[in-house]
Amino acid sequence: MPLPDDEHTGARIAHHRKRAGLTQRGLAQKVPYSYSLLTQVESGHKPASPDLVAAVAKALCIDVTALTGQPYVTELQQDRLAALVRPIREALDLYDLGADPAITPRPTPQLVAAAQALCQQVRATKLYDAALDLPGTMAEITTAAYRTPSSELWAALSSTYRTAHDLAVKLGYYDLSTVALDRMDWAASRASDPLLSAVRQYMRALVYFREGEYTIGQRLVASGQGLLEQSPLSRDRHAVAGQLHLGASIIAARAHDEDAVKNHLTEARSYADRTGEATDVHWLSFGPTNVTVHAVSAHVEMRHYGEALQEAAKVRIPQDWAVSRAAHFYVDQARAQMEAGRSEAALKSIVTARKLAPQQTRYHAGARETIRGLIHLSRRTPDGLDHLAAWVGL
């Protein structure tokens, strides 16, 4: 039975395919997926995986969001988040106007702490609180940096731009996330912090990963590794280098380069052995746990669902780990469980992700597609699954 609504990702794929003048077989010839799978996705009988969506978007020369339907405005309005996006957009646009005469900034230590608190809110998936506080904090630090420039203030400003990027991605405003990364680079260069610049390249690589541009993503990761040469050897440098390898492993997985995946995960593990759980380094959550979690994600991307579940069984999430990262792991695990025919376990994983990070999970395209897939697989839809579907707007 097809999924109940006709506004699913598969229906959008069919719409844009027809606009491009392609038949289903014609599109299947342009992507590394079978005609049979494409027809099932378009009809709503199979969920659209992120890798398939990225491949179709690239083949049709459109943004991924045109297929996923992001941002999910109705749900954003219900959560009172939609109205908070415009102030963030405006704050990002005022970066080059200098100091605001109407603002009297707090002392530098308080501003640095405020920027750190925003990062912490996003890691805790308190998206509303972070989005509410961000524009004012960004404006205040901008004014302070122009009046009394210092590496510390420029780094704090770069951190607020990173927060804007993180929020934009989690809420589905990918155009805004790109603007935020440009601003992050602008501020990081003034902070003269190569590690911060390398983190920015890592995040930029993930933007291209989502859009199916894997070669560009790999080049950006390599650029980030090159920037690290400007920084002295330290635990922080090892953590950033390791995180770059983790990003590269997922990009390689999406490109189905298994040898590269193994090599990058091996390099990341060697760095993690040196750093331990480095959750305090640029808010990256790098360490042994994140290496294993990325191994799960890589297997999911390569459609090795049995191997993904074997790796997932090894994961022991530290108590102080970022809630946002933990919830993302449970979404990946749910997809592997669903594809392996373990529907009940997949539902439990999605429920866990929701309990940990309700706002993040609600706007996660992969979580929504997994819920769609579970609906189709269930002969009788459990009440909990019905409730989840209504909650995400399906």
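Helices, loops and a pocket

Me: In which helix does Leu-38 lie?

Reply: This is a predicted model, in which local features need pLDDT of at least 70 and side-chain atom pairs count only at pLDDT 80 or more, while totals for chains, interfaces and linings use all residues. Residues are numbered from 1 along each chain as its sequence is written, and side-chain values use heavy atoms, with hydrogens and water left out. Helices (H or I, at least four residues) and strands (E, at least two) are DSSP runs, numbered from the N terminus. On that basis, Leu-38 lies in helix H3 (residues 35-43).

Me: Is Leu-38 buried or exposed?

Reply: A residue is buried under 20% relative accessible area, exposed over 50%, and partly exposed in between (1.4 Å probe, protein chains only). The relative accessibility of Leu-38 is 2%, so Leu-38 counts as buried.

Me: How far apart in space are Leu-38 and Gly-69?

Reply: Along the sequence, 31 residues separate Leu-38 and Gly-69. Taken from C-alpha to C-alpha, their separation in space is 18 Å.

Me: Which residues does UniProt list for "domain: HTH cro/C1-type"?

Reply: The name comes from an unreviewed UniProt entry; UniProt positions are given in the numbering used here, feature names are shortened, and annotations may be inferred rather than shown by experiment.

Me: How many helices does the chain have, and how many strands?

Reply: Buried residues make up 57% of the 394 residues in the chain. Counted over the chain, the DSSP runs give 22 helices and zero strands.

Me: What is the radius of gyration of the chain?

Reply: The radius of gyration is taken over C-alpha atoms, and the globule rule is 2.2 Å times the number of residues to the power 0.38. For 394 residues the rule gives 21 Å, and the value for the chain is close to this, so the chain is as compact as a globular protein of that length. Along the principal axes, the C-alpha trace spans about 65 × 45 × 40 Å. The radius of gyration itself is 21 Å.

Me: Which residue is joined to Gln-70 by a cis peptide bond?

Reply: The bond has an omega of about -5°.

Me: What is the phi of Ser-192?

Reply: Ser-192 is placed in the loop between helix H11 (174-191) and H12. At 59% relative accessibility, Ser-192 counts as exposed. Although Ser-192 is not a glycine, its phi is positive, about 55°.

Me: Between which helices is the place of His-256?

Reply: His-256 is a residue other than glycine with a positive phi, near 60°. It counts as partly exposed, because its relative accessibility is 36%. The loop that holds His-256 is between helix H14 (235-254) and helix H15 (258-275).

Me: How much space lies in the second largest pocket?

Reply: On a 1 Å grid over the protein atoms alone, a pocket is an open set of points where a 1.4 Å probe fits, with protein on both sides within 12 Å along at least five of seven lines. Grid points are joined across faces, edges and corners, and a volume is the space filled by probe spheres set on the points. For the second largest pocket this gives about 330 Å³.

Me: Which residues are closest to the centre of the second largest pocket?

Reply: Lining residues have an atom within 4 Å of a point, and 18 residues line this pocket. The closest to its centre are Gln-116, Ala-155, Leu-196, His-282 and Trp-283.

Me: Between which domains does the second largest pocket lie?

Reply: Helix H10 (151-171) is one of the elements that give two or more residues to the lining, and its six residues are the largest share. Domain bounds come from an automatic or database domain assignment. Two domains both give residues to the lining, so the pocket lies between domain 2 (70-191) and domain 3 (193-315).
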